[in-house]
Amino acid sequence: MSRAEPTVAIRLTARVGLVMTMAAFLGVVAFFWPFLVAPGTFGSNYAPPLIFGVLLALVLCVVLSEIAEGGIDSKALAMLGVLSAVNAALRPLGAGTAGIETVFFVLVLAGRVYGPGFGFTLGCTSLFASALITGGVGPWMPYQMFGCAFVGMLAGFLPRATGRREVLLLAVYGSLSGYLFGFLLNLSFWPFSLDPNSSIAYLPGLPFTEQWQRYVAFDLATSLGWDTGRAVTNFVCVLLAGPAVLTTFRRAARRAKFRAPVRFAAPAPTAPDTPRDHSRPDGRLQA
């Protein structure tokens, strides 16, 4: 048995894997709708993100229900609740200050230790809990939940490594995921956030290459600094706290023994009752 197997908190069955693959495809469609939806299909630029946001929420519900049915036990559920609460408490400490985000490094480390299914679920529950705490509920929330879910999930699929190489691998991944998360989230509101006459605004009907150039220019001009703050925060947090947090997570996983088989042992046979000796030391019977 490999070293990583006992720490996997949520078992991914073939059915769950298929559902998550379909969810990934729908998520890509939902994020990249400005390049896929024909002009005038929904009658308004505001309709597609709302429609796809509702679709993402439904997809996430289906995936989470499949994961719950496929193999999450009470110990994994307890760990999920604890880490979701930790992430929900960490997020307000950094969000809003030069792009500093303190929520992602826990997602990366937990996804690495407890597996891709746990990372996906933790990304959803963490963002949902923090949105309720901070009042951040809105049409953007399904996109944020989906983005964080895939940040945690992909961490579980990273190649094997140990020691400093593993920490450095996770730090680099956390930095790249900070840029990727911002790049995807900007797609959800780019079409209606600028004056249509701007050279970097969404213009329905343009060829894909020109539309893509406009979006890349928009992302660099409006989000590069914020995404860099997130990427640097992820890199530094994983590099500094990674060894201790990884050790703590793995120790907790070993003690929890996720998915350990339950065995019911037969009760030990009791000795038959023996007659009590009522004689006294001098050989005379007691009354």
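**Exercise 1.** Work out which residues are linked in a network of salt bridges.

*Solution.* Start with the criterion: a salt bridge is a side-chain nitrogen of Lys or Arg within 4 Å of a carboxyl oxygen of Asp or Glu. Next, take Arg112, which pairs with Glu166 at 2.9 Å between the closest N and O atoms. Arg112 lies in helix H5 (residues 104-114) and Glu166 in helix H8, so this pair ties together parts 54 residues apart in sequence. Helices here are DSSP runs (H or I, at least four residues), numbered from the N terminus. Then follow Glu166 to Arg250, where the closest N and O atoms are 2.6 Å apart. That link joins helix H8 to helix H9, across 84 residues. The network is therefore Arg112, Glu166 and Arg250.

A note on the model: it is predicted, with local features needing pLDDT of at least 70 and side-chain atom pairs counting only at pLDDT 80 or more, while totals for chains, interfaces and linings use all residues. Residues are numbered from 1 along each chain as its sequence is written, and side-chain values use heavy atoms, leaving out hydrogens and water.

**Exercise 2.** Decide whether Arg230 is buried or exposed.

*Solution.* Recall the cut-offs: buried is under 20% relative accessible area, exposed over 50%, partly exposed in between (1.4 Å probe, protein chains only). Arg230 has 4% relative accessibility, so Arg230 counts as buried. Its salt-bridge partner is Asp227, at 2.8 Å from N to O. Asp227, at 2%, is buried too.

**Exercise 3.** Check the span of helix H7 (residues 141-156).

*Solution.* The expected span is 1.5 Å times one less than the number of residues.

Technical notes: Helices (H or I, at least four residues) and strands (E, at least two) are DSSP runs, numbered from the N terminus.
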